[in-house]
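I opened this notebook to keep track of what I looked up.

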Amino acid sequence: MEKVCDVLVVGAGPAGSSAARAAARFRARTVFIDKKEEIGVPVQCAETIGKYLLPLLPFKIPKDQLVWKIKGMTFWAEGIKITRQGRFWAGYAIDRKNFDKWLASLAVRAGAELQTSAELVDLEVDDKYKVKRAYVRTPHGVISIRPKVVIAADGVESSVLRLLGFKINKKENLGEVLGFEMRNLNLEKPNYDHLFLGDFAPGGYAYIFPKSKHAANVGVATLFPSKSLEEYYEEFLEIPEVKRQLDGGVVVEEKSGKVPARNLVDRWVYGNVLLAGDAANQNIKPFVEGILPSVICGDIAGRVAAAVVKGVGLIDTYPKRVKMKLGRLLKRSNAVMSVNDSLFRQGAKGALLSLCLLAEVVPLREIIKLGEEEYTSVKRYIEDLSVRWGSK
């Protein structure tokens, strides 16, 4: 069996569903596939979105998808805490199962055809990365799909990239997250996300992200693990401020996964293939915030793909259009990531400097200068900052 379409979207997460919706709305015959049987399952993230990105979305998120309001963030390192409110630190907790299903339903209502339990297993590609046919395993056998444009929205372990011939260095490019949803908690400041920096999360951070007064996603995210994530997680749980809040808590679901920390490949466009979402490393550092950026970039990918198949647009305009929308944020994101990579090697002092970096209480150039100071001088400086920012 062979199916012909204008746009084939691989992956039905935030980037894929947004891309499928946009392409279908602009009257491109669109098929989007996902290897999972149920959209949104399993959840592999901490389920928080930034309020500052909402005005950039191609559509409004209904209030029932915003399950818990986040007023700001607290940052902890070496016993020092700084709190930030509003701007980049305010947001919402969402339920990814429901959120992803809602996004996929938008694409279907726009006219896209969704196939679940449909795994991409092979591509027929020419020497210029132009996909001629895609082979998809379904419960009814392998089918071939002949698309004009392919949108790779299939995450950090992208089958599209692998089948195009790219070998991804996972150790250098991907971060690892061990996370759980917990309930029956005694949360302090339940309307604030809590980030913890230290040796228990090398190159990343540990977190408590509330979903209600007594429930939160809890975990560790690291870029440079030298031991198991389970060991790091146990160290994190021993921090007194963490133990107070999680004492008596009950794990109800694991939400572990991998996140893109660096570009998996050099470009976002190869032949007739567009990359969107985690496959394109389209997230905002230092928090590796990818849900809404994926929706935004997926929408742009879908619009560009529809224009290409209609003969009224060029595929190479995609990166330019993404940068027009998110360029300033992505540029700063890359700069922050570069500095952060050097800090984790400085132990306790690096954790304090990462606190300044993530909380944005010290300019990047000053953080680099502080790196030349002794630990005691850095700690004293940041203790003064914590008083200035009203944290105890």
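Which residue stands opposite Ala134 in S12? I found Ile145 there.

Before going on, I noted the ground rules: the model is predicted, local features need pLDDT of at least 70, side-chain atom pairs count only at pLDDT 80 or more, and totals for chains, interfaces and linings use all residues. Residues are numbered from 1 along each chain as its sequence is written, and side-chain values use heavy atoms, with hydrogens and water left out.

**Entry: the sheet**

I looked up the strands around that pair. Helices (H or I, at least four residues) and strands (E, at least two) are DSSP runs, numbered from the N terminus. Two strands count as paired if DSSP finds at least two bridges between them. I read an open sheet of four strands, in the order S1-S12-S11-S10, with mixed pairing. Its edge strands are S1 (2–4) and S10 (119–125), and each pairs on one side only. From one strand to the next, the twist averages 25°. The axes behind such angles are lines fitted to C-alpha atoms, and the angles run from 0 to 180 degrees between N-to-C directions.

I then took the pairings one by one. S11 (residues 131–138) and S12 (residues 141–146) are antiparallel and share five bridges. A hairpin of two residues joins S11 to S12. Arg137 has Val142 in S12 as its bridge partner. S1 and S12 run parallel, joined by three bridges. There, Glu2 has Ser144 in S12 as its bridge partner.

**Entry: domains**

I checked how the chain is divided. Domain 1 covers 2–42 + 96–170 + 261–333, and domain 2 covers 347–388. These bounds come from an automatic or database domain assignment. The C-alpha centres of the two domains lie 40 Å apart.

**Entry: cores**

I looked for nonpolar cores next. Such a core is a set of buried Ala, Val, Leu, Ile, Met, Phe, Trp, Tyr and Cys residues joined through side-chain atoms within 4.5 Å. Buried means under 20% relative accessible area, exposed over 50%, and partly exposed in between (1.4 Å probe, protein chains only). The largest core has 81 residues, and Leu120, Ile151, Leu274 and Tyr318 touch the most other members. Helix H7 (residues 291–309) gives the most to this core, with 11 residues. A second, separate core of 34 residues includes Met73, Cys356, Leu357 and Ile382.

**Entry: aromatic rings**

Rings of Phe, Tyr and Trp (its six-membered ring) pair if their centres lie within 6.5 Å; planes under 30 degrees apart count as stacked, over 60 as edge-to-face and the rest as tilted. I noted 18 aromatic pairs by this rule. Tyr52 and Phe88 have ring centres 5.0 Å apart and planes at 85°, so this pair is edge-to-face. Phe88 is partly exposed, at 23% relative accessible area.

Trp76 and Phe196 form a tilted pair, 5.8 Å centre to centre with 45° between the planes. Trp76 lies in strand S6 (residues 72–77) and Phe196 in strand S15 (residues 192–197), so the pair ties together parts 120 residues apart in sequence. Both Trp76 and Phe196 are buried. Trp76 and Phe196 also belong to one aromatic cluster with Phe180, Phe200, Tyr233 and Phe236.
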